[in-house]
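Here are a few friendly notes on charged pairs for you to follow along with. Please keep the model open while you read.

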Amino acid sequence: MRAQIKAIAFDLDGTLIDSVPDLAVATQAALAELGLATCTEAQVRTWVGNGAEMLMRRAMSHALGADVEQKALDAAMPIFMHHYQENLEKHSALYADVHQVLQTLFDAGFKLAVVTNKPYRFTLPLLEAFKINGFFSLVLGGDSLAKMKPDPLPLEHLLAQWQLDKSELLMVGDSKNDILAAKAAGVASIGLTYGYNYGEDIGLTGPDAVCEQFAEILSWLNVGQAV
């Protein structure tokens, strides 16, 4: 299977970039402005993965000790979005070897994409801030299509756009949302252990491979030299 791979879709948060420090600052600031009890960065790490609205839903529900009403969540989202816009890349960082591995894959001729549940308005600026935007010929945010991961639609869109067979696409991510989306789309997947997966073992979702370091992707694909 791996010998047929021509294109790779990467998740963003918890895969390429450790963005939780900035997400935590924005979430804490939003909660404070709403007059709600704050949260810790460690808690935010367990809430990331299903898009900005779900992050705030989890944060507000935790603060209230009950499910948050949609009306209250709708009112809170512009507040969160403002604070995250102000704290997009102040404390975030690329994970080890990400730039070098992307360069190696790009030079080897792989088509590369970002498929994330983060709103698109934040995705591209974050890629640009860490100077990795040039590696990707397609970037999909959580609001780019009608559905987001774990729905297969983003990966199906990628297959259609690039006219690929399912055997030619690989999904790389740190969350069960990435692996479930890959399985539903019928494509291969690699699960990374260092990211955000709600405190669960990524291997339990059944990816085709589990990697502890980003650079191990090269070994799995048998591409270039190990970083």
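1. Are Lys118 and Asp13 buried or exposed? Lys118 is buried, and Asp13 is buried as well. Here buried means under 20% relative accessible area, exposed means over 50%, and partly exposed lies in between (1.4 Å probe, protein chains only).

2. A word on how to read this. This is a predicted model, in which local features need pLDDT of at least 70 and side-chain atom pairs count only at pLDDT 80 or more, while totals for chains, interfaces and linings use all residues. Residues are numbered from 1 along each chain as its sequence is written, and side-chain values use heavy atoms, with hydrogens and water left out.

3. The structure has eight salt bridges, each being a side-chain nitrogen of Lys or Arg within 4 Å of a carboxyl oxygen of Asp or Glu. One of them joins the side chains of Lys118 and Asp13 (3.2 Å, N to O). This pair links distant parts of the chain, 105 residues apart.

4. Now look at helix H2 (residues 41-47), which holds both Arg45 and Glu41, four residues apart, about one turn of the helix. Helices (H or I, at least four residues) and strands (E, at least two) are DSSP runs, numbered from the N terminus. The two side chains form a salt bridge (3.3 Å, N to O). Arg45 counts as partly exposed because its relative accessibility is 27%; Glu41 is partly exposed at 34%.

5. Finally, Lys149 and Asp178 meet in a salt bridge (2.6 Å, N to O), and both are buried. Together with Asp11, they are linked in a network of salt bridges.
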